[in-house]
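We will go from the whole chain to a few strands and back out through their partners.

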Amino acid sequence: MTDDSAQALHEIHSAALDGMTRGPRNFLKWAVLNAEENHPDADLSEETFRALLAAGDAVLTELWSRKLTDWDFAKETRWDEATLARTEARRQHVYERLGFGSDVRKALDIAAPIDKEPGSDVITEQFTPWYTHERASQNAFYWPKYRDLLQQKGLSPAAIAHLDEATHSVVERLTDPEQVAVRQAKGLVVGYVQSGKTANFTGVAAKAIDAGYRLVIVLGGMYNLLRAQTQRRLDKELIGQENILRGADPTDPDTVVGIDYIGDDDEWDEFISFGARPSALGHFDIERLTTRDNDYKSLQQGISALDFEKRIRTARLYDPRNLHHAAARIVVVKKNDKVLTKLVKDLKQVQPLLGELPALIIDDESDQASVNTTDPNKSTSGEKKRSAINGLITQLLTLLPRAQYVGYTATPFANVFIDPGDSKDLFPKDFLISLRRPEDYMGVQEFHDLNSVIAPEDRTVANSQELAHVRGICDSTNDLLQEALDAFLLTGAMKLYRTDRSTENSFRHHTMLVHESVSQADHTELALRISALWHGSAPLSPAGQARLRALYESDFGPVSEARANGLPVPTSFGELKPHISRARQLINRGGTPVVVVNGDKDSDYAREELDFDRTPNVWKILVGGTKLSRGFTVEGLTITYYRRKTKQADTLMQMGRWFGFRPGYQDLVRLYIGRKEPFGRGKTIDLYKAFEAICRDEEDFRAELRRYAERTVDGHPLVTPSQIPPLVSQHLPWLKPTSRNKMFNAELLEIRSPGQPIELLTYPLDADATARNTKRWQPVLASLSTTPVTCHLLPSSAPSVAGTFHASTTVVPHADLLGVLGPLEWEGKNRFKPHLRYLSQLDGQLAKVDDWLVITPHLTDRHQIEASVLGHGPVPLHRRSRQADKVAFGRISRDIHRAYAQQLINTAQGAAPSPDDALSVGTRRGVVLLYPVVEAETDAEVRSVAATGSVDPSRVIMAFTLISPRSAIDSKRELVRFSTKDPNQRDAVIVDAS
């Protein structure tokens, strides 16, 4: 087929599809109408169409992918005949209406497969539907323009359709801006680190403004650097040139004085344009109350002017006759108490109007600063005490009774711990939406072999994410910093190599991130060290070339050959070599390859090297800490050297700047990360494993959302946000979900500890409660052996306490043990309950535990004191005393006993057994160390209690330590689950709702 014939077919197909505004119609009829007028000789046969699709005709594939995706996702249509969106039935119905035969259908299914996965998972409170397809279309202006812009940027039809669907899910749960009754909705949108959350809230803002919201407040991070990034993004993709210029002529220097972007932003021509001011086109303008360079300063009539824009002066602003002719206002502010205080103060001056004003507050990084970190126990009986930013946001919501609040974050743990019973706070009471993982995104899954079925010995750079992308730093003597710098230079050369060979590969920025500490002094020292290594590396010398060649041939060459997916790859180091010098020149430009990113003032970040929007090419090594760890996108990031430690999972995850979109260079991305970082006295932690644990925490969180998403019973949501079952997990004991001051309202719900001791120390102080607890152990006491066994602790298990001890034993079925443990009473809060929830699931829900070996250790002859308890025994009595608080015991089990119990568990998992030990456990048997304890300071006191040979049950505390078998959960990992306390709501749903 000639180029002219192909062009003709493209025009016919495009015109025919554009004409199908009311759903799919017979394609041939529509195509013939256009062909007769413009291309009468065009070949419109299905055979030709199918052949072009099979040959990979990019234009036809794009046209049909977009249109079929629109029809696949369509809702509230008159042509779908009740077929469900994103199903085979819907697609086949579309084909039938188009009149296509089986061959074309098959070709289109290959070219444009059905995307059946939802774009988001939604936990929702019941709401009144108002944002129908018809309503969304009535005043649509900014959203269609934004959608078209995304299409021009090259987003796939499925990605745009999912964004459309996800943003619709948010807007429909806000209050109808035309509604007379006042109602505030609060929600949370959960994305991934550096995954396009801004695109989502830009879409939400566009749809909300079209629907009638007339004030949008965007809380854009805590620093000017981040606020300016957000402002520019909204200016470029939503507000547009004409709203920024406000009638000024961009070619006339006298009229554009003080207008940002004109003359200093190379991408000004790429800013969305409407062709004229929206108000001149019959729509309405957006006025900015902040600019790229200026945070909020003053309203300057910006809000009060709305009162004069009313067409019907006697009607409220939210009356549709007024609402859809008034301009919208956007404020992008950083979360700074001085700035927000000024905004609150100014709004109070126009307070009468605020009761009529539909407003939307979008809180980016909503788990940072927005969450109240004040201990609720310190609040007085009156107004709840709040931290600064939280208090100011709640004031905004009070001043704007028609305001809706939507938080955005990738680390939502702090948000779900907000008190649901505090109506003024920011708990997402109305909805919680988890966004789908975007296409072409590099996240935790791209750096970890999670749930890989490939044996470690069989893994290669082709089938292992870790082998392809991760390089472990194991000690200070081999810190790999020089190798990381060489990798940065090599990957820069690789990008230049690809740019020379393909117009599709253009790498504007190329960066390396070094993150070891939050200390500014450490940053300075590290920057000097990096500069010395860089300038002393002599990459063009014979030794330097040999070092680079070795790294390329052992690492980058094999990985790119396996993972480049059609991108240009040098056949040898020699082919890459000419680009190394140019890459080094670009990195050295400006005199230094290193940029230190820290400081206490926003002015410290107003530098060309950090402005990825206005600086044409940033090729630098960035050294920093906190300022580079949240919200700030490091463009072109290819090599990361990471060794910073923290005890909070959300903080650690936000430091993962290596997550994000890496178009054209995914195979080049490398993470150098600490595997044995010092952590406390004599301890080390594996940061790579810590990120893996966070990933599993996140997976569990999203799985819980998916489990209950939009499920209803009799038309009502099965669960609402305030009832969400345990959402937050903790797979590493030392890595908390978030900081302690954001977890005041967190409640432990479940603690899984396969193969690890469970020992509580707060037994009842009340004598009656103690007696009741002791009686609950009666079946176990009755079955204890009267002849002690000898327990041998191997030196390999615990060299410092190796030896033997005697013990009475019995075996108790799992169900019987739960019958004892379940009713036990505890002093104060029942801290055993989270463990009990886990143990109760070992009946086959999580795994199968058959029974428990109960071991009651005997003391040496010198300290041995025995007595009958409830008529059983005699049993050995152990002396223990409580700590200074007189509530908790310091320790119950002895080291030798715990080590022996652990030895039994380990032996069941394959460790070598003791050759002369009478006891053993299988993989489905746990161990209980049972101690009949008498609270006393001396042995003499214990003897007096047992003087009659029988002891009162109120004087015996049946203390215990449990160790479940390691096989008690398939993952063989510890796990902690939390829920949110809310005394004003129904209980959380914790049963399987399937």
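Here is the tour, one selection at a time.

**Before you click.** This is a predicted model, in which local features need pLDDT of at least 70 and side-chain atom pairs count only at pLDDT 80 or more, while totals for chains, interfaces and linings use all residues. Residues are numbered from 1 along each chain as its sequence is written, and side-chain values use heavy atoms, with hydrogens and water left out.

**Stop 1: the whole chain.** Select everything. You are looking at 31 helices and 33 strands; these are DSSP runs numbered from the N terminus, with helices being H or I of at least four residues and strands E of at least two. Of the 994 residues, 56% are buried, meaning under 20% relative accessible area with a 1.4 Å probe, protein chains only. Colour by surface next: the chain exposes about 41900 Å², and carbon and sulfur atoms supply 48% of that (Shrake-Rupley method, 1.4 Å probe).

Stop 2: Now select β10, residues 470–473, and β12, residues 594–597. They belong to a six-stranded open sheet with parallel pairing, in the order β10-β16-β14-β11-β13-β12. β10 and β12 stand at the edges with a single partner strand each, so one side of each has no neighbour in the sheet. On average, neighbouring strands here are turned by 20° against each other, direction ignored.

(Strands pair if DSSP finds at least two bridges between them.) Zoom in on Gly 472 and you will find Ile 673 of β16 opposite.

**Stop 3: the helix across the sheet.** Select α21, residues 542–563. This helix lies across β10, β14 (637–642) and β16, running at about 130° to β16. Axes are lines fitted to C-alpha atoms, for helices over the stretch in contact (heavy atoms within 4.5 Å), and angles run from 0 to 180 degrees between N-to-C directions.

**Stop 4: strand β30.** Jump to residues 925–935. How many of the eleven residues of β30 are buried? Nine are, so the strand is mostly covered. Then show the partners of β30 in turn:

- β26 (851–857) pairs in the parallel sense over five bridges; Asp 851 has Arg 925 as its bridge partner.
- β29 (878–880) is joined by three bridges, also running parallel; look for His 878 with Val 933.
- β32 (957–963) runs antiparallel, with seven bridges; here Pro 932 stands opposite Met 958.

How values were computed: Buried < 20%, exposed > 50% of the residue type's maximum accessible area, 1.4 Å probe, protein only.
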